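Hi,

Here is the structure I promised to pass on. Please open it first; my notes follow below.

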Amino acid sequence: MASHQLLVLAGDGIGPEVTESALKILEIMAKLEDWQVEVDHAAIGGAAIDQYGDPFPEATQQAIDRSSAVLLGAVGGPKWDNAPRRPEAGLLDMRQYMGLWANLRPFEMIPGLEHLSPLRHPVMNGIIFRELTGGLYFGQPRGRRFLPGDLEVIDTLQYRKSEMTRIIQLAFQYAKDHGLTLTSVDKANVLESSRVWREVTEELARQYPDVPLSHRYVDAAAMDMVLNPQNYQVVVTENLFGDILSDLAGGLVGSLGLLGSLSVAGTPGTRGLFEPVHGSAPDIAGQNRANPTGAILSLAFLVGWSWQEHDAEHLIREAVTQTLSEGPRTVDLGGQATTQEFTEAVGNRLKDIWQRRRQQ
Ligand SMILES: NC(=O)C1=CN([C@@H]2O[C@H](COP(=O)(O)OP(=O)(O)OC[C@H]3O[C@@H](n4cnc5c(N)ncnc54)[C@H](O)[C@@H]3O)[C@@H](O)[C@H]2O)C=CC1
Ligand SMILES: CC(C)CC(=O)C(=O)O
Ligand SMILES: [Mg+2]
């Protein structure tokens, strides 16, 4: 009997609702596969501020140290917007603490949901490789400096070449392994960091002559992803640009609630943080109407990456795709299903698919 361990950080807003859905799917999967799963819970973000006065407390760090994989809901909300250290700072601290420099954010057009896309392209299947622990979100110095009669604010865009190299190489390798094109997104017409990013990409391109490579400035990429999303198979970019373009990708496929992600340190079979791309959605929190697809897909990525349970990953993804294609659907997708009803439908499909596979 396989034995797995998981830490759940539900966080704030819809975080607890969507992680609960993912855990229901995990429970079903574990029963089907006869896994023994130990699930631990800890606080992050606003919930951790309320409990410990710190968005990433020592107790959570210790729970991470004991874990083999971490599933996160989301953090943040108006209640903590003026806290001395906001919930979002706790999430950034955690990504850095865990050394998770690669954030993989796949997006695809699910058959049956084409009408929800604002675009005319039924085929869309891409993945964004976002650098996760450098750039503007982490550079120093940062903050406010009071000047006579004025206020100066500083955020620093800082990268080491080594930090660029490892994420760009990971994306090249993925594109090569899957026979896909690579688009590197930067702002090399303005930013020094982007000029080095482009140099590094060109240097690595020599090791990957079979991977068709193109460069795009981020502003043009945002436009072109809307006009020609089918051209974006593998995208690699720095932290802030990846954050923005992945929400854009959510819009392309019909809802931000559809996207899950992996935050990892490059090597399959190691601990990672798995989280939906969306935030805590305070506008719909506590109403049982959040789309838990992003969290359930993040769970699928977790079992595939950290636990190396590849069949289970594919089963969960198939159950999600079938449910989205055939319904029921949540409100963001024009349906009427509650979070719990949708989750139950995914769970039932998972059992059906598993039984059918057994009988074959
Ligand atoms: N990884 C994380 O924990 C993230 C946290 N945040 C935080 O979340 C809070 C809210 O930020 P927003 O800018 O409003 O972004 P958001 O992603 O929470 O919501 C944007 C819009 O998408 C909708 N939405 C998001 N997820 C959904 C889902 N699963 N099902 C249905 N609809 C969904 C929301 O209702 C809202 O209208 C802020 O405090 C922000 O800092 C934002 C992004 C990521
Ligand atoms: C710190 C988070 C709020 C950043 C974010 O929006 C994300 O990772 O998608
Ligand atoms: Mg974001």
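**Helix packing**

Helix α9 (residues 293-305) and helix α10 (residues 310-326) have axes that come within 7 Å and cross at roughly 160°. Angles over 145 degrees count as roughly antiparallel, so α9 and α10 are roughly antiparallel to each other. The crossing in which α9 passes α10 is left-handed. On the α9 side, the contact is made by Thr293, Ile296, Leu297, Leu299, Ala300, Phe301, Val303 and Gly304. On the α10 side, His310, Ala312, Glu313, Ile316, Arg317, Val320 and Leu324 take part. By residue class, the contact of α9 with α10 divides into 10 nonpolar, 3 polar and 2 charged.

Bear in mind that this is a predicted model.

α10 also packs on helix α11 (residues 339-359): their axes come within 8 Å and cross at roughly 125°. That angle makes α10 oblique to α11. Here α10 passes α11 in a right-handed crossing. From α10, the contact takes Leu315, Ile316, Glu318, Ala319, Val320, Gln322 and Thr323. From α11, it takes Phe342, Ala345, Val346, Arg349, Leu350, Ile353 and Trp354. The residues of the contact of α10 with α11 are 10 nonpolar, 2 polar and 2 charged.

The next pair is helix α7 (residues 218-227) and helix α8 (residues 239-252). They pack at an angle of about 10°, with their axes 10 Å apart. Angles under 35 degrees count as roughly parallel, which makes α7 roughly parallel to α8. Val218, Ala221, Ala222 and Met225 in α7 meet Phe241, Leu245, Leu248 and Leu252 in α8. What is the make-up of the contact of α7 with α8? It holds 8 nonpolar residues, no polar and no charged.

**Domains**

The domain assignment of the chain gives two entries. Domain 1 covers 1-117 + 254-359, and domain 2 covers 134-252. Their C-alpha centres lie 25 Å apart. Between them, 14 residues of domain 1 are in contact with 12 residues of domain 2. On the domain 1 side, α4 (87-97) and β4 (102-108) each supply at least two residues. The largest share, 4 residues, comes from β4. That side of domain 1 divides into 8 nonpolar, 5 polar and 1 charged.

**Ligands**

Which residues come nearest to ligand 1? Of the 22 residues around ligand 1, they are Gly76, Gly257, His278, Gly279 and Asn291. The shell around ligand 1 divides into 10 nonpolar, 8 polar and 4 charged residues.

Ligand 2 is surrounded by Glu88, Leu91, Leu92, Asp243 and Val277. In this shell the largest share, 3 residues, comes from α4. α4 is also one of the elements on the side of domain 1 that touches domain 2. The shell around ligand 2 has 3 nonpolar residues, no polar and 2 charged.

**Backbone points to check**

Most residues other than glycine have a negative phi, and most peptide bonds are trans.

- The peptide bond from Gln140 to Pro141 is cis, with omega near 5°. Pro141 sits in strand β6 (residues 139-147).
- Gly327 and Pro328 are joined by a cis peptide bond, and omega is about 5°. Pro328 is in the loop between α10 and α11.
- Asp34 has a phi near 60°, a positive value in a residue other than glycine. Asp34 is placed in the loop between α1 (15-33) and β2 (36-41).

Best wishes

Methods:
Residues are numbered from 1 along each chain as its sequence is written. Chains are lettered from A and ligands numbered from 1 in the order in which they are written. This is a predicted model: local features need pLDDT of at least 70, side-chain atom pairs count only at pLDDT 80 or more; totals for chains, interfaces and linings use all residues. A residue is near a molecule or strand if its C-beta atom, placed from the backbone, lies within 6 Å of it. Ala, Val, Leu, Ile, Met, Phe, Trp, Tyr, Cys and Pro count as nonpolar, Asp, Glu, Lys and Arg as charged, and the others, Gly among them, as polar. Domain bounds come from an automatic or database domain assignment. Two residues are in contact if their C-beta atoms, placed from the backbone, lie within 7 Å. Axes are lines fitted to C-alpha atoms, for helices over the stretch in contact, and angles run from 0 to 180 degrees between N-to-C directions. Angles under 35 degrees count as roughly parallel, over 145 as roughly antiparallel, 65 to 115 as roughly perpendicular and the rest as oblique. A crossing is left-handed if the near helix is turned anticlockwise from the far one by less than a right angle, and right-handed if clockwise.
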